[in-house]
2 protein chains.
Amino acid sequence: MPLAKPDPLQRVIVDAALEIASGVGPDAISMRELARQANVSHQAPYHHFGDRAGIFAAICEEGFAILGNEMQGNRNLGAEALCESYVRFALNHRGHLRVMFRTDLCDMASYPDAAIQADRAFGILYDEVVAMVGLDADELAVQTQTAYMWSVAHGLSTLLIDGPLLNKIGSVQDMDQLIKNIARMASSSIGV
Amino acid sequence: MPLAKPDPLQRVIVDAALEIASGVGPDAISMRELARQANVSHQAPYHHFGDRAGIFAAICEEGFAILGNEMQGNRNLGAEALCESYVRFALNHRGHLRVMFRTDLCDMASYPDAAIQADRAFGILYDEVVAMVGLDADELAVQTQTAYMWSVAHGLSTLLIDGPLLNKIGSVQDMDQLIKNIARMASSSIGV
DNA sequence: GGCATAACTTGACATTATCTAGTTTTCGCA
DNA sequence: TGCGAAAACTAGATAATGTCAAGTTATGCC
(Lines give C-alpha, C1' and ligand atoms only; values in the text may rest on other atoms or scores of the structure.)
Protein backbone atom coordinates (compact mmCIF):
# COMPACT_ATOMS: atom_id res chain seq x y z
CA MET A 1 0.00 0.00 0.00
CA PRO A 2 1.55 3.25 -1.09
CA LEU A 3 2.09 5.99 1.38
CA ALA A 4 -0.48 8.71 1.22
CA LYS A 5 0.94 11.60 -0.73
CA PRO A 6 1.63 14.40 1.71
CA ASP A 7 -0.38 17.54 1.17
CA PRO A 8 1.42 19.88 -1.17
CA LEU A 9 3.04 22.68 0.72
CA GLN A 10 0.75 25.30 -0.72
CA ARG A 11 -2.25 23.54 0.76
CA VAL A 12 -0.60 23.24 4.14
CA ILE A 13 0.33 26.90 4.13
CA VAL A 14 -3.08 28.15 3.06
CA ASP A 15 -4.74 25.97 5.66
CA ALA A 16 -2.46 27.30 8.35
CA ALA A 17 -3.26 30.81 7.21
CA LEU A 18 -6.98 30.13 7.29
CA GLU A 19 -6.71 28.68 10.75
CA ILE A 20 -5.11 31.87 11.99
CA ALA A 21 -7.49 34.07 10.01
CA SER A 22 -10.55 32.43 11.48
CA GLY A 23 -9.08 32.60 14.95
CA VAL A 24 -7.21 35.75 15.85
CA GLY A 25 -7.67 37.31 12.43
CA PRO A 26 -5.80 37.69 9.16
CA ASP A 27 -3.40 40.30 10.46
CA ALA A 28 -1.87 37.78 12.78
CA ILE A 29 -0.76 35.80 9.74
CA SER A 30 2.98 35.98 9.36
CA MET A 31 5.01 34.36 6.66
CA ARG A 32 7.42 32.99 9.19
CA GLU A 33 4.72 31.52 11.36
CA LEU A 34 3.21 29.78 8.34
CA ALA A 35 6.62 28.40 7.48
CA ARG A 36 7.04 27.21 11.04
CA GLN A 37 3.70 25.44 11.04
CA ALA A 38 4.59 23.77 7.78
CA ASN A 39 8.03 22.80 9.06
CA VAL A 40 9.88 24.50 6.28
CA SER A 41 12.30 27.36 6.12
CA HIS A 42 11.06 30.89 6.46
CA GLN A 43 11.50 31.45 2.75
CA ALA A 44 9.64 28.45 1.41
CA PRO A 45 6.23 30.16 1.36
CA TYR A 46 7.68 32.93 -0.77
CA HIS A 47 8.48 30.50 -3.49
CA HIS A 48 4.83 29.53 -3.90
CA PHE A 49 3.07 32.79 -3.18
CA GLY A 50 5.56 35.50 -4.03
CA ASP A 51 4.79 37.60 -1.01
CA ARG A 52 2.32 38.01 1.80
CA ALA A 53 -0.36 39.45 -0.48
CA GLY A 54 -0.03 36.32 -2.60
CA ILE A 55 -1.29 34.23 0.29
CA PHE A 56 -4.29 36.47 0.70
CA ALA A 57 -4.94 36.34 -3.03
CA ALA A 58 -5.02 32.56 -2.87
CA ILE A 59 -7.49 32.75 -0.01
CA CYS A 60 -9.66 35.23 -1.91
CA GLU A 61 -9.71 33.08 -5.00
CA GLU A 62 -10.61 29.97 -3.07
CA GLY A 63 -13.19 31.80 -0.98
CA PHE A 64 -15.05 33.33 -3.88
CA ALA A 65 -14.92 30.01 -5.69
CA ILE A 66 -16.52 28.22 -2.75
CA LEU A 67 -19.09 30.97 -2.29
CA GLY A 68 -19.90 30.86 -6.00
CA ASN A 69 -20.34 27.11 -5.93
CA GLU A 70 -22.64 27.21 -2.94
CA MET A 71 -24.74 29.95 -4.44
CA GLN A 72 -24.80 28.12 -7.75
CA GLY A 73 -26.10 25.05 -5.95
CA ASN A 74 -28.98 27.01 -4.43
CA ARG A 75 -29.63 29.03 -7.52
CA ASN A 76 -33.01 27.52 -8.25
CA LEU A 77 -34.34 28.00 -4.76
CA GLY A 78 -34.85 31.74 -4.98
CA ALA A 79 -33.25 34.83 -3.54
CA GLU A 80 -34.04 33.74 -0.01
CA ALA A 81 -31.92 30.62 -0.33
CA LEU A 82 -29.19 32.60 -2.03
CA CYS A 83 -29.02 35.03 0.83
CA GLU A 84 -29.03 32.21 3.32
CA SER A 85 -26.24 30.38 1.56
CA TYR A 86 -24.14 33.53 1.60
CA VAL A 87 -24.47 33.83 5.36
CA ARG A 88 -23.84 30.16 5.90
CA PHE A 89 -20.74 30.34 3.79
CA ALA A 90 -19.54 33.19 5.98
CA LEU A 91 -20.13 31.25 9.16
CA ASN A 92 -18.51 28.10 7.83
CA HIS A 93 -15.56 29.90 6.26
CA ARG A 94 -14.98 32.86 8.44
CA GLY A 95 -11.29 32.81 7.68
CA HIS A 96 -12.01 33.23 4.00
CA LEU A 97 -14.61 35.93 4.46
CA ARG A 98 -12.39 37.96 6.74
CA VAL A 99 -9.87 38.17 3.93
CA MET A 100 -12.11 38.39 0.88
CA PHE A 101 -13.22 41.97 1.44
CA ARG A 102 -10.01 43.35 2.81
CA THR A 103 -8.73 45.38 -0.10
CA ASP A 104 -5.70 46.37 1.91
CA LEU A 105 -4.55 42.78 2.26
CA CYS A 106 -4.99 41.90 -1.37
CA ASP A 107 -5.87 44.22 -4.19
CA MET A 108 -7.83 41.91 -6.41
CA ALA A 109 -7.07 44.02 -9.45
CA SER A 110 -3.56 42.57 -9.26
CA TYR A 111 -4.80 39.00 -9.07
CA PRO A 112 -7.05 38.31 -12.05
CA ASP A 113 -7.79 34.74 -11.04
CA ALA A 114 -9.26 35.93 -7.78
CA ALA A 115 -11.17 38.71 -9.51
CA ILE A 116 -12.72 36.20 -11.88
CA GLN A 117 -14.11 34.15 -9.03
CA ALA A 118 -15.44 37.28 -7.34
CA ASP A 119 -17.17 38.42 -10.50
CA ARG A 120 -18.65 35.00 -10.99
CA ALA A 121 -20.16 34.96 -7.50
CA PHE A 122 -21.57 38.42 -8.03
CA GLY A 123 -22.97 37.37 -11.38
CA ILE A 124 -24.94 34.53 -9.87
CA LEU A 125 -26.64 36.91 -7.47
CA TYR A 126 -27.24 39.40 -10.24
CA ASP A 127 -28.83 36.81 -12.49
CA GLU A 128 -31.11 35.68 -9.71
CA VAL A 129 -32.33 39.23 -9.20
CA VAL A 130 -32.91 39.59 -12.93
CA ALA A 131 -34.96 36.41 -12.84
CA MET A 132 -37.08 37.84 -10.04
CA VAL A 133 -37.67 41.36 -11.29
CA GLY A 134 -38.14 40.28 -14.90
CA LEU A 135 -36.06 40.73 -17.99
CA ASP A 136 -37.82 43.93 -18.93
CA ALA A 137 -36.84 45.76 -15.74
CA ASP A 138 -34.52 48.68 -16.25
CA GLU A 139 -30.84 48.42 -15.45
CA LEU A 140 -30.93 50.76 -12.46
CA ALA A 141 -33.67 48.80 -10.74
CA VAL A 142 -31.75 45.56 -11.15
CA GLN A 143 -28.57 47.13 -9.84
CA THR A 144 -30.36 48.58 -6.87
CA GLN A 145 -32.02 45.33 -5.91
CA THR A 146 -28.84 43.37 -6.39
CA ALA A 147 -26.97 45.78 -4.17
CA TYR A 148 -29.77 45.47 -1.67
CA MET A 149 -29.64 41.69 -1.49
CA TRP A 150 -25.88 41.76 -1.32
CA SER A 151 -25.93 44.35 1.44
CA VAL A 152 -28.29 42.32 3.58
CA ALA A 153 -26.35 39.10 3.16
CA HIS A 154 -22.97 40.70 3.55
CA GLY A 155 -23.98 42.92 6.43
CA LEU A 156 -25.51 40.10 8.41
CA SER A 157 -22.48 37.93 7.71
CA THR A 158 -19.96 40.45 8.92
CA LEU A 159 -22.02 41.44 11.93
CA LEU A 160 -22.36 37.80 12.94
CA ILE A 161 -18.69 37.05 12.46
CA ASP A 162 -17.02 40.16 13.79
CA GLY A 163 -19.72 42.44 15.02
CA PRO A 164 -21.52 42.65 18.32
CA LEU A 165 -24.59 40.91 16.96
CA LEU A 166 -23.65 37.56 18.42
CA ASN A 167 -23.51 39.04 21.88
CA LYS A 168 -27.07 40.23 21.54
CA ILE A 169 -28.46 36.90 20.50
CA GLY A 170 -29.13 34.04 22.83
CA SER A 171 -28.54 30.65 21.33
CA VAL A 172 -27.42 29.11 18.10
CA GLN A 173 -31.01 28.11 17.51
CA ASP A 174 -31.96 31.75 17.67
CA MET A 175 -29.21 32.53 15.21
CA ASP A 176 -30.48 29.95 12.79
CA GLN A 177 -33.96 31.39 13.00
CA LEU A 178 -32.61 34.90 12.69
CA ILE A 179 -30.82 34.08 9.47
CA LYS A 180 -33.87 32.50 7.96
CA ASN A 181 -36.12 35.39 8.94
CA ILE A 182 -33.77 38.01 7.58
CA ALA A 183 -33.25 36.12 4.34
CA ARG A 184 -37.01 35.96 3.93
CA MET A 185 -37.47 39.66 4.65
CA ALA A 186 -34.80 40.50 2.10
CA SER A 187 -36.15 38.34 -0.68
CA SER A 188 -39.70 39.55 -0.16
CA SER A 189 -38.51 43.10 -0.84
CA ILE A 190 -37.31 42.12 -4.27
CA GLY A 191 -39.22 42.50 -7.46
CA VAL A 192 -42.14 44.41 -6.02
CA MET B 1 -3.43 87.85 20.98
CA PRO B 2 -2.41 84.57 22.53
CA LEU B 3 -0.90 81.90 20.43
CA ALA B 4 -3.32 79.20 19.40
CA LYS B 5 -2.86 76.27 21.70
CA PRO B 6 -1.25 73.49 19.71
CA ASP B 7 -3.35 70.39 19.29
CA PRO B 8 -2.75 68.01 22.12
CA LEU B 9 -0.61 65.16 21.03
CA GLN B 10 -3.37 62.62 21.37
CA ARG B 11 -5.46 64.47 18.81
CA VAL B 12 -2.56 64.70 16.41
CA ILE B 13 -1.83 61.02 16.76
CA VAL B 14 -5.43 59.89 16.33
CA ASP B 15 -5.82 62.13 13.31
CA ALA B 16 -2.69 60.70 11.76
CA ALA B 17 -3.98 57.21 12.44
CA LEU B 18 -7.34 58.04 10.86
CA GLU B 19 -5.63 59.45 7.82
CA ILE B 20 -3.77 56.20 7.32
CA ALA B 21 -6.83 54.10 8.13
CA SER B 22 -8.98 55.84 5.56
CA GLY B 23 -6.21 55.59 2.99
CA VAL B 24 -4.25 52.39 2.89
CA GLY B 25 -6.10 50.85 5.81
CA PRO B 26 -5.75 50.43 9.57
CA ASP B 27 -3.10 47.73 9.33
CA ALA B 28 -0.68 50.19 7.87
CA ILE B 29 -0.86 52.14 11.10
CA SER B 30 2.42 51.84 12.94
CA MET B 31 3.24 53.37 16.28
CA ARG B 32 6.50 54.65 14.93
CA GLU B 33 4.95 56.23 11.87
CA LEU B 34 2.41 58.02 14.04
CA ALA B 35 5.21 59.29 16.25
CA ARG B 36 7.07 60.43 13.17
CA GLN B 37 4.10 62.33 11.82
CA ALA B 38 3.63 64.00 15.19
CA ASN B 39 7.33 64.85 15.42
CA VAL B 40 7.82 63.07 18.69
CA SER B 41 9.88 60.14 19.79
CA HIS B 42 8.76 56.66 18.92
CA GLN B 43 7.65 56.06 22.48
CA ALA B 44 5.54 59.15 23.02
CA PRO B 45 2.33 57.56 21.68
CA TYR B 46 2.69 54.76 24.20
CA HIS B 47 2.39 57.21 27.02
CA HIS B 48 -1.07 58.25 25.90
CA PHE B 49 -2.48 55.06 24.50
CA GLY B 50 -0.66 52.27 26.25
CA ASP B 51 -0.19 50.19 23.13
CA ARG B 52 -1.32 49.87 19.56
CA ALA B 53 -4.74 48.54 20.56
CA GLY B 54 -5.20 51.64 22.66
CA ILE B 55 -5.11 53.77 19.54
CA PHE B 56 -7.75 51.63 17.91
CA ALA B 57 -9.86 51.81 21.05
CA ALA B 58 -9.75 55.60 20.92
CA ILE B 59 -10.85 55.47 17.29
CA CYS B 60 -13.68 53.07 18.13
CA GLU B 61 -14.92 55.24 20.93
CA GLU B 62 -14.84 58.37 18.83
CA GLY B 63 -16.41 56.62 15.86
CA PHE B 64 -19.33 55.16 17.73
CA ALA B 65 -19.86 58.50 19.47
CA ILE B 66 -20.07 60.30 16.14
CA LEU B 67 -22.31 57.63 14.67
CA GLY B 68 -24.54 57.78 17.72
CA ASN B 69 -24.82 61.54 17.49
CA GLU B 70 -25.71 61.50 13.82
CA MET B 71 -28.32 58.83 14.32
CA GLN B 72 -29.67 60.67 17.32
CA GLY B 73 -30.03 63.79 15.19
CA ASN B 74 -32.07 61.92 12.59
CA ARG B 75 -33.99 59.91 15.13
CA ASN B 76 -37.35 61.54 14.42
CA LEU B 77 -37.15 61.10 10.68
CA GLY B 78 -37.81 57.36 10.67
CA ALA B 79 -35.85 54.20 9.99
CA GLU B 80 -35.11 55.28 6.45
CA ALA B 81 -33.22 58.36 7.62
CA LEU B 82 -31.46 56.31 10.27
CA CYS B 83 -30.21 53.85 7.71
CA GLU B 84 -29.11 56.65 5.45
CA SER B 85 -27.24 58.42 8.21
CA TYR B 86 -25.40 55.20 9.02
CA VAL B 87 -24.18 54.89 5.46
CA ARG B 88 -23.27 58.55 5.24
CA PHE B 89 -21.31 58.26 8.43
CA ALA B 90 -19.42 55.38 6.90
CA LEU B 91 -18.60 57.32 3.75
CA ASN B 92 -17.56 60.43 5.66
CA HIS B 93 -15.58 58.55 8.29
CA ARG B 94 -14.26 55.55 6.52
CA GLY B 95 -11.18 55.49 8.72
CA HIS B 96 -13.34 55.12 11.78
CA LEU B 97 -15.61 52.50 10.27
CA ARG B 98 -12.74 50.41 9.09
CA VAL B 99 -11.59 50.12 12.68
CA MET B 100 -14.88 49.97 14.55
CA PHE B 101 -15.76 46.43 13.56
CA ARG B 102 -12.30 44.95 13.59
CA THR B 103 -12.38 42.90 16.77
CA ASP B 104 -8.83 41.81 16.15
CA LEU B 105 -7.53 45.35 16.31
CA CYS B 106 -9.38 46.25 19.46
CA ASP B 107 -11.41 43.98 21.66
CA MET B 108 -14.04 46.35 22.91
CA ALA B 109 -14.65 44.27 25.99
CA SER B 110 -11.32 45.57 27.24
CA TYR B 111 -12.28 49.17 26.59
CA PRO B 112 -15.52 49.97 28.42
CA ASP B 113 -15.67 53.56 27.21
CA ALA B 114 -15.71 52.39 23.62
CA ALA B 115 -18.25 49.69 24.42
CA ILE B 116 -20.57 52.27 25.97
CA GLN B 117 -20.60 54.34 22.81
CA ALA B 118 -21.21 51.26 20.70
CA ASP B 119 -24.12 50.17 22.88
CA ARG B 120 -25.57 53.63 22.75
CA ALA B 121 -25.53 53.72 18.95
CA PHE B 122 -27.12 50.29 18.83
CA GLY B 123 -29.73 51.42 21.35
CA ILE B 124 -30.83 54.29 19.16
CA LEU B 125 -31.46 51.95 16.27
CA TYR B 126 -33.21 49.49 18.54
CA ASP B 127 -35.52 52.14 19.96
CA GLU B 128 -36.43 53.32 16.50
CA VAL B 129 -37.44 49.81 15.51
CA VAL B 130 -39.49 49.48 18.68
CA ALA B 131 -41.23 52.72 17.79
CA MET B 132 -42.07 51.32 14.37
CA VAL B 133 -43.22 47.83 15.22
CA GLY B 134 -45.08 48.96 18.33
CA LEU B 135 -44.46 48.48 21.99
CA ASP B 136 -46.54 45.34 22.11
CA ALA B 137 -44.40 43.46 19.61
CA ASP B 138 -42.56 40.48 21.00
CA GLU B 139 -38.87 40.61 21.75
CA LEU B 140 -37.82 38.27 18.99
CA ALA B 141 -39.57 40.30 16.31
CA VAL B 142 -37.89 43.48 17.49
CA GLN B 143 -34.50 41.81 17.59
CA THR B 144 -34.96 40.40 14.12
CA GLN B 145 -35.99 43.66 12.59
CA THR B 146 -33.23 45.56 14.34
CA ALA B 147 -30.68 43.08 13.07
CA TYR B 148 -32.22 43.45 9.64
CA MET B 149 -31.92 47.23 9.55
CA TRP B 150 -28.43 47.04 10.91
CA SER B 151 -27.41 44.43 8.36
CA VAL B 152 -28.62 46.52 5.45
CA ALA B 153 -26.94 49.69 6.66
CA HIS B 154 -23.74 47.98 7.67
CA GLY B 155 -23.55 45.78 4.61
CA LEU B 156 -24.07 48.63 2.20
CA SER B 157 -21.52 50.72 4.09
CA THR B 158 -18.79 48.12 3.99
CA LEU B 159 -19.48 47.17 0.39
CA LEU B 160 -19.28 50.80 -0.66
CA ILE B 161 -16.10 51.45 1.29
CA ASP B 162 -14.12 48.29 0.73
CA GLY B 163 -16.15 46.08 -1.52
CA PRO B 164 -16.45 45.89 -5.26
CA LEU B 165 -19.76 47.74 -5.25
CA LEU B 166 -18.22 51.06 -6.18
CA ASN B 167 -16.70 49.56 -9.31
CA LYS B 168 -20.12 48.45 -10.44
CA ILE B 169 -21.72 51.85 -10.04
CA GLY B 170 -21.28 54.72 -12.42
CA SER B 171 -21.31 58.10 -10.80
CA VAL B 172 -21.55 59.63 -7.37
CA GLN B 173 -25.04 60.71 -8.27
CA ASP B 174 -25.95 57.09 -8.83
CA MET B 175 -24.45 56.26 -5.47
CA ASP B 176 -26.53 58.88 -3.76
CA GLN B 177 -29.65 57.55 -5.37
CA LEU B 178 -28.66 54.00 -4.55
CA ILE B 179 -28.29 54.78 -0.88
CA LYS B 180 -31.68 56.46 -0.75
CA ASN B 181 -33.39 53.64 -2.57
CA ILE B 182 -31.89 50.96 -0.39
CA ALA B 183 -32.68 52.84 2.79
CA ARG B 184 -36.27 53.12 1.62
CA MET B 185 -36.49 49.43 0.76
CA ALA B 186 -35.14 48.53 4.16
CA SER B 187 -37.42 50.74 6.16
CA SER B 188 -40.48 49.63 4.24
CA SER B 189 -39.77 46.06 5.32
CA ILE B 190 -40.04 47.02 8.94
CA GLY B 191 -43.11 46.72 11.05
CA VAL B 192 -45.23 44.86 8.55
C1' DG C 1 11.08 77.00 46.31
C1' DG C 2 10.11 72.11 46.21
C1' DC C 3 8.25 68.17 44.61
C1' DA C 4 5.12 64.78 42.64
C1' DT C 5 3.24 63.55 38.51
C1' DA C 6 2.67 63.84 33.58
C1' DA C 7 4.92 63.96 29.26
C1' DC C 8 8.08 62.76 27.10
C1' DT C 9 13.27 60.60 25.18
C1' DT C 10 16.86 56.97 24.60
C1' DG C 11 18.38 52.49 24.01
C1' DA C 12 17.74 47.68 23.55
C1' DC C 13 15.48 43.27 22.08
C1' DA C 14 12.84 40.00 19.65
C1' DT C 15 10.12 39.53 15.54
C1' DT C 16 8.78 40.60 11.03
C1' DA C 17 8.77 41.05 5.49
C1' DT C 18 11.56 40.75 2.00
C1' DC C 19 16.07 40.84 -0.86
C1' DT C 20 19.95 38.16 -2.62
C1' DA C 21 22.29 34.11 -3.21
C1' DG C 22 23.05 29.54 -2.60
C1' DT C 23 21.65 24.32 -2.45
C1' DT C 24 19.03 20.24 -3.01
C1' DT C 25 15.04 17.53 -5.50
C1' DT C 26 12.59 16.26 -9.13
C1' DC C 27 11.83 14.93 -13.58
C1' DG C 28 11.76 14.77 -18.65
C1' DC C 29 14.51 12.83 -21.97
C1' DA C 30 18.86 10.87 -24.26
C1' DT D 1 20.94 4.81 -16.55
C1' DG D 2 22.50 9.32 -16.39
C1' DC D 3 22.33 14.33 -17.24
C1' DG D 4 20.77 18.87 -17.20
C1' DA D 5 17.47 22.24 -16.28
C1' DA D 6 13.79 23.79 -13.74
C1' DA D 7 11.32 23.58 -9.36
C1' DA D 8 11.47 23.60 -4.51
C1' DC D 9 13.51 24.71 -1.26
C1' DT D 10 17.52 26.77 2.52
C1' DA D 11 20.68 30.40 4.55
C1' DG D 12 22.01 34.92 5.72
C1' DA D 13 21.41 39.81 5.87
C1' DT D 14 18.81 44.26 6.12
C1' DA D 15 15.49 47.59 7.48
C1' DA D 16 11.36 48.18 9.99
C1' DT D 17 8.23 47.17 13.71
C1' DG D 18 5.99 46.62 18.74
C1' DT D 19 7.18 46.89 23.14
C1' DC D 20 10.02 46.69 27.63
C1' DA D 21 13.02 49.22 30.86
C1' DA D 22 15.09 53.12 32.36
C1' DG D 23 16.21 57.82 32.14
C1' DT D 24 15.01 63.00 31.56
C1' DT D 25 12.38 67.16 31.19
C1' DA D 26 8.28 69.91 31.80
C1' DT D 27 3.97 71.28 34.57
C1' DG D 28 1.21 72.39 38.07
C1' DC D 29 0.19 72.65 42.85
C1' DC D 30 1.33 73.55 48.05
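The model is predicted, and in it 28 residues of chain A are in contact with 28 residues of chain B. Around DNA strand C there are 15 residues, while 14 residues surround DNA strand D.

- On the side of chain A that touches chain B, the elements that give two or more residues are helix 8 (139-161) and helix 9 (172-188) of chain A.
- Helix 8 of chain A gives the most to this side, with eleven residues.
- Sorted by class, the side of chain A that touches chain B holds 14 nonpolar, ten polar and four charged residues.

**Surface near DNA strand C**
- The residues that come nearest to DNA strand C are A:Ser30 and A:Met31, together with B:Ser41, B:Gln43 and B:Ala44.
- Two or more residues of this surface are given by helix 2 (31-37) of chain A and by helix 3 (44-49) of chain B, and helix 2 of chain A gives the most, with three residues.
- By class, the surface near DNA strand C consists of four nonpolar, seven polar and four charged residues.

**Surface near DNA strand D**
- Closest to DNA strand D are A:Ser41, A:Gln43 and A:Ala44, along with B:Ser30 and B:Met31.
- Helix 3 (44-49) of chain A and helix 2 (31-37) of chain B each supply at least two residues of this surface, with helix 2 of chain B giving the most, at three residues.
- The surface near DNA strand D comprises, by class, four nonpolar, six polar and four charged residues.

Terms used
Residues numbered from 1 in each chain as written. Chains lettered and ligands numbered in written order. Predicted model: local features only at pLDDT ≥ 70, side-chain atom pairs only at ≥ 80, totals over all residues. Contact = placed C-beta atoms within 7 Å. Helix = DSSP H or I, 4+ residues; strand = E, 2+ residues; numbered from the N terminus. Nonpolar A, V, L, I, M, F, W, Y, C, P; charged D, E, K, R; others polar. Near = placed C-beta within 6 Å.
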